[in-house]
Amino acid sequence: MKRKALGSWGEAQALGFLENQGMQLICRNFRVREGEIDLIMEDGGILVFVEVKTRISMRFGTPEESITKAKMARIYRAAHQFLELKEAEHTQWRVDVVVIESSPALKLIRLDHYPNIEVSPP
């Protein structure tokens, strides 16, 4: 399976899950030079920047293991860019991670949501 197709499928799974939790979609695949944010959601007045990691094989580790400090720092920089562009710098916000394990046939095996991931950007 192509990486982009797997990523899109995983983002759709995460979006459905988060919407079922009461969140509302603001933006998908926000890209700036500093990085990319898969999903931007609103959760009770709080902006939520969501990183989605999907794996069909554990050959290169679990989805959690692919969330490095450097990756999180890029997400935080991109989140700051979004806030500046939208002139929402004083808005409450957080970063969540959704990890997904799937079979090669795209049968969901596991979806875990980790809210409010904090990493000090370099």
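**View 1. Helix H1 of the predicted model, residues 3-20.** H1 has 18 residues. At 1.5 Å a residue, H1 should span 26 Å, and its end C-alpha atoms are 26 Å apart, so the two values agree. Gly22 follows the helix. The phi of Gly22 is positive, near 100 degrees.

**View 2. The buried residues of H1.** They are Leu6, Trp9, Gly10, Glu11, Ala14, Leu15 and Leu18. An α-helix has 3.6 residues a turn, so residues three or four places apart point the same way.

**View 3. The largest nonpolar core, with 17 residues.** Ile37, Ile40, Leu47, Phe49, Met72, Phe82 and Val95 touch the most other members. S2, S3, helix H2 (69-85) and S4 each give two or more residues to this core. H2 gives the most, with seven residues.

**View 4. The surroundings of Ile40.** Leave aside its neighbours within four places in sequence. Ile40 is then in contact with Gln24, Leu25, Ile26, Cys27, Phe30, Leu47, Val48, Phe49 and Phe82.

**View 5. The hairpin of S1 and S2.** Two residues lie between the strands. S1 and S2 run antiparallel and are joined by seven bridges. Phe30 stands opposite Ile37 in S2.

**View 6. The hairpin of S2 and S3.** These strands also run antiparallel, with five bridges between them. Leu39 has Val50 in S3 as its bridge partner. Two residues separate the strands, and Gly44 takes a positive phi near 60 degrees in this hairpin.

Definitions and conventions: Residues numbered from 1 in each chain as written. Predicted model: local features only at pLDDT ≥ 70, side-chain atom pairs only at ≥ 80, totals over all residues. Heavy atoms only, no water. Helix = DSSP H or I, 4+ residues; strand = E, 2+ residues; numbered from the N terminus. Expected span 1.5 Å × (residues − 1). Buried < 20%, exposed > 50% of the residue type's maximum accessible area, 1.4 Å probe, protein only. Core = buried A, V, L, I, M, F, W, Y, C linked by side-chain atoms within 4.5 Å. Contact = heavy atoms within 4.5 Å. Pairing = 2+ DSSP bridges.
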